[in-house]
Amino acid sequence: MRFALLIYDEETANPNPAPPDPAVWGKVMEEYNAFTRAIKDAGVEAGGEALEPNTTATTIRIRDGQTVTTDGPYAETKEGLGGFYLIDCENLDEALAWAAKCPGSWYGTVEVRPVVDFSKYAPEAAGATAGA
Amino acid sequence: MTPAVTHELVDRLFREESGRAVATLIRVTGDFELAEEAVQEAFIAALETWPERGVPDRPGAWITTTARNRALDRLRRAQRFREKTQVIGRQALIDEELAAVEPGDTGPEDPMAIEDDRLRLIFTCCHPALAPDARVALTLRTLGGLTTPEIARAFLVPEPTLAQRLVRAKRKIRDAGIPYRVPPDHLLPERLSSVLQVIYLVFNEGYGASSGDELIRRDLTSEAIRLGRVLVDLMPDEPEVLGLLALMLLHDARRDARVDAQGELVLLEEQDRNLWDTAMVDEGGALVERAMRMRRPGPYQLQAAIAAVHDASLVDGRTDWRQIAALYGALAIASPSPVVELNRAVAIAMADGPDVGLALVDRIDASGELDGYPYLHAARADLLRRLGRADEAVRAYRRALELTSNDTEQSFLQRRIHELSGV
């Protein structure tokens, strides 16, 4: 099954980001590149992207036909969503083991979420649940 | 056999056997709800048919077989509603596996397959991805065969809240991909500690300080001990597993002596040793020794060893406080906590005098870490009392009294205050 590793960190949510120290930046990038290589080599990589910080976010919602556009992320929090990976694993234990190797879990927090498998919502599968 | 006798037998059997049957059916169907409901139906069928036809030779096997048939029925019924055949392949697989669950599976012929199922179920119910209170509820429900109302009463939670907690936990197991298996070696230490924690929490809830109905709490301690025994059977080479069972037995051995005829709390040193359960003391002591010989000490073994030293006073009425203080010292290294430091201080006070102990307790008190912990103030009060500093002792007893919600402990503290101050 597929899991999303959602990486949250403070830099992403920082309203006044200082320019990154090139040495630190280089080290972090290298760590992320190594992680990306590791999941590719293990054959579990299924996608992922890094996101620009919260200062670049625009939020949109439509209510009663009115479009409301707001500057900023959906939720103002201390840590913001800075990027994500998609991985394809046997079970949660495996996904958690990869999450622990993701640099995001050292610098911030990684939330592990299963990706919805829509095939299980096919009518025949729903019948089994209703009958049980 | 009269219906009443059958009822009692089925009740007992439910406690002991439902966990096994549920574990097997979960493995095969991958569905907690289906497994639980099928097993429940099998027990209802037992109540209906046994009084007339008599109890089968191997009632546990009968339950598993009947539950298997009920699960098969449900799956087939569900299948009939379906026109498309996409999942029929998996269905056929489940049917095949269910059909392969032989009545003999719960008997001595094939104990390992079933034991593996139960071990899988324990580890799944105690998975760290579940909230701690959900782990406890799920373990008691699926392995302990306690009903939802029983668990709700034991933990003083409204029944719908607890039911909701169980539903959410089962849904998370299914949807989040929590594996139904015994974890591989590299994950075992972390996972086993979560399992032991759940069992010990159940025990403490039954034995320990918080409030609740006495009968249900008794149920919890025996359920925790039963689960501890199951785990020892399943993992006989894990010293901490033996340590936990030993710890529970050595504490439970003193249960009858803890409270006097008036329901008042009796301190360990003042307990009537004739009321201690010597069989439990012996069994616990032997388990500690067996565990310690494996030379992989851990917090449960050390706590069990401490309880064993206390229980050894059964022989001559004397407690080796120096050894207890040394064991607490080891425990403070294995799992450092201010509560362990407090216990060590109390043991040192017993060995070297209340003034030495009080100096240590005062240091813990000054750190402020245990300010909301009633036993800190009760221990301090006790040392002050022994040193003849009555006014300070009364103040400390009052502080402890404010912090405890247990009736028995409250009346003990009030008695002490009364003795010292006359009010």
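Colleague: Where in chain B is confidence lowest, and where is it highest?

Modeller: This is a predicted model, with ipTM 0.78 and pTM 0.77. Chain B has an average pLDDT of 86, and 89% of its residues score at least 70. Within chain B, helix α4 (residues 88-100) has the lowest confidence, with a mean of 64, whereas helix α11 (residues 239-252) has the highest, at 97. Over residues 103-109 of chain B, pLDDT stays under 50; the model has 16 contacts for them beyond four places in sequence.

Colleague: Which residues touch the most other members of the largest nonpolar core?

Modeller: In soluble globular proteins, nonpolar side chains tend to be buried together. Here the largest nonpolar core has 140 residues, and those touching the most other members are A:I87, B:L121, B:L231, B:M235 and B:M248. Helix α9 (residues 188-207) of chain B gives the most to this core, namely 10 residues. Beyond its neighbours within four places in sequence, B:M248 has contacts that include B:I199, B:Y200 and B:F203.

Colleague: What should helix α16 of chain B span?

Modeller: At 1.5 Å a residue, the 15 residues of α16(B), 338-352, should span 21 Å; the end C-alpha atoms are 20 Å apart, which agrees. Its buried residues are B:V340, B:L342, B:A345, B:A347, B:I348 and B:A349. They pack against α15 (321-334), α17 (354-367) and α18 (374-386) of chain B. After α16(B) comes B:G353, with a positive phi near 110°.

Note on methods: Residues numbered from 1 in each chain as written. Chains lettered and ligands numbered in written order. Predicted model: local features only at pLDDT ≥ 70, side-chain atom pairs only at ≥ 80, totals over all residues. Heavy atoms only, no water. Helix = DSSP H or I, 4+ residues; strand = E, 2+ residues; numbered from the N terminus. Expected span 1.5 Å × (residues − 1). Buried < 20%, exposed > 50% of the residue type's maximum accessible area, 1.4 Å probe, protein only. Contact = heavy atoms within 4.5 Å. pLDDT = per-residue confidence, 0-100. Core = buried A, V, L, I, M, F, W, Y, C linked by side-chain atoms within 4.5 Å.
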